[in-house]
Amino acid sequence: MIDILLPVYNGAKYLEIQIDSLFKQTYVDWRLIVRDDGSTDSSVDIIERYVLEYPNKILYVKDNFGNLGTSGCLNILLQYIEGDYFMYCDQDDIWSPFKIERTLKVIKSLEKVLGDVPILVCSDAYCINGNGTVINNSFFKSQKFLDVTDNYIKMAALNVVQGSTSLMNRRVKDTIKYIPKEFLHDGWTAVITAYYGHVEYIHEPLLYYRQHESNVLGVHDIDILYYLNKIKHLKKQINLYSSFFDKLPFKVNKLKWFYYKSSIAIKRIL
């Protein structure tokens with residue numbers, strides 16, 4: 001069984017579309033574990049309606065912890081995993097009907113070769129607008145990404161893993177243990193998994209990644225202005241990365257990281 005972790009916060013506008021896409025999956029042995037993070041819109045009503053309709057497919061986690069943010073909410077949901085695999089799910093995207101089937105096939109093939117190690121399989125995504133119209137056929141190409149999944153330091157320099165495209169085995173959960181609230185869950189999960197196990201990127205869009213006014217992250221124009229803006233907030237960037245490195249359960253060679261960070265930036269600009 002696969003556990004799908006869905007943190008919800010004021011997601012009523014697109015939540016039904018996302019949940020419906022889960023029920024259209026060609027692979028059906030999954031369970032949705034959802035927690036509302038203090039929504040003030042009709043998200044809770046939508047969740048409760050789906051729970052009533054699909055009581056055997058949805059676990060609705062209720063607690064008194066209030067608003068924890070995405071990473072904090074996922075830390076709660078991680079505690080309820082019972083399946084051999086789990087997935088992160090965003091409230092406003094749409095899953096391709098073959099998303100679970102395709103990534104599960106790849107991860108099982110990798111397990112046969114690599115054995116009992118943490119493995120994360122992720123994919124490319126279509127970019128869509130608020131109305132669901134495709135505006136880009138490859139998030140990977142639009143961001144001028146490089147496939148750096150062969151090296152955990154490179155991944156710390158450039159996170160190419162979208163959490164919402166990822167399928168992970170239980171060894172990943174046991175390895176990451178928790179997600180610090182100040183970091184994005186996908187980058188934290190990806191770097192630790194790459195260090196202790198393996199990350200595999202499928203260059204095929206299996207998700208419709210919605211771009212709208214409430215995106216925490218989204219598509220950026222990767223050019224010299226993008227990096228000049230980063231330099232403007234250099235102190236903040238340094239503090240964030242320093243904190244990231246300090247909280248990792250292993251040491252990162254910072255000189256190598258800086259080399260990769262710089263060389264990758266140059267390749268993305270050119």
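The model is predicted. The structure holds 10 salt bridges, and a search of the whole structure finds 23 aromatic pairs. Helix 2 has buried residues that line one face, and Thr103 in helix 4 is buried at 0% relative accessible area.

**Salt bridges**

- Glu16 and Arg49 form a salt bridge, with 2.6 Å between the closest N and O atoms. Glu16 belongs to helix 1 (residues 12–22) and Arg49 to helix 2 (residues 43–53), so the bridge ties together parts that are 33 residues apart in sequence.
- Both partners are partly exposed: Glu16 has a relative accessible area of 30%, and Arg49 has a relative accessibility of 38%.
- Arg31 forms a salt bridge with Glu82, and here the closest N and O atoms are 4.0 Å apart. This pair links distant parts of the chain, 51 residues apart: Arg31 is in strand 2 (residues 30–36), while Glu82 is in the loop between helix 3 (69–78) and strand 4 (85–88).
- The two ends of that bridge have unlike surroundings. Arg31 counts as buried because its relative accessibility is 12%, under the 20% limit. Glu82 counts as exposed because its 58% is over the 50% limit.
- Arg31 and Glu82 also belong to a network of salt bridges that includes Asp3.
- Glu204 and Arg102 form a salt bridge with the closest N and O atoms 2.7 Å apart. Glu204 is part of strand 9 (residues 198–210) and Arg102 is part of helix 4 (residues 99–114), so parts 102 residues apart in sequence are tied together.
- Glu204 is partly exposed at 28% relative accessibility, and Arg102 is partly exposed at 32%.

**Aromatic rings and charges over rings**

- A pair of aromatic rings is described by the distance of the centres and the angle of the planes.
- Among the 23 aromatic pairs, Tyr195 and Tyr196 form one that is edge-to-face, with 4.8 Å from centre to centre and 85 degrees between the planes.
- Tyr195 is partly exposed, with a relative accessible area of 36%. Tyr196 is also partly exposed, at 37% relative accessibility.
- Ring pairs join Tyr178, Phe183, Trp188, Tyr241, Phe244, Phe245 and Trp257 into a cluster.
- The charged end of Lys57 sits over the ring of Trp30, at 4.0 Å from the ring centre.
- The charged end of Lys99 sits over the ring of Trp95, at 3.7 Å from the ring centre.

**Positive phi angles**

- Most residues other than glycine have a negative phi.
- Asn10 has a positive phi, near 45 degrees, and is not a glycine. Asn10 lies in the loop between strand 1 (2–8) and helix 1 and is partly exposed at 30% relative accessibility.
- Lys177 also has a positive phi, near 65 degrees, in a residue other than glycine. Lys177 lies in the loop between helix 7 (170–176) and helix 8 (185–196) and is exposed at 66% relative accessibility.

**The buried face of helix 2**

- The buried residues of helix 2 are Ser43, Ile46, Ile47 and Tyr50. Viewed down the helix axis, these buried residues fall within an arc of 100 degrees, so they line one face of the helix.
- An α-helix has 3.6 residues a turn, so residues three or four places apart point the same way.
- Asp45 and Leu52, on the other side of helix 2, are exposed.
- The buried residues of helix 2 pack against strand 1, helix 1, strand 2 and strand 3 (58–61).

**Thr103 in helix 4**

- Thr103 is located in helix 4 and is buried, with a relative accessible area of 0%.
- A polar atom of the Thr103 side chain lies 2.8 Å from the backbone oxygen of Lys99. The charged end of Lys99 is the one that sits over the ring of Trp95.
- Leaving out residues up to four places away in sequence, Thr103 touches Met87, Val121, Thr165, Leu167, Ile202 and Leu206.

Conventions
Residues numbered from 1 in each chain as written. Predicted model: local features only at pLDDT ≥ 70, side-chain atom pairs only at ≥ 80, totals over all residues. Heavy atoms only, no water. Salt bridge = Lys/Arg side-chain N within 4 Å of Asp/Glu carboxyl O. Helix = DSSP H or I, 4+ residues; strand = E, 2+ residues; numbered from the N terminus. Buried < 20%, exposed > 50% of the residue type's maximum accessible area, 1.4 Å probe, protein only. Phe/Tyr/Trp six-rings, centres within 6.5 Å; stacked < 30°, edge-to-face > 60°. Lys NZ or Arg CZ within 6 Å of the ring centre and 35° of its normal. Arc of directions from axis to C-beta. Contact = heavy atoms within 4.5 Å. Polar contact = N/O pair within 3.5 Å; in protein donor to acceptor, adjacent residues only side chain to side chain.
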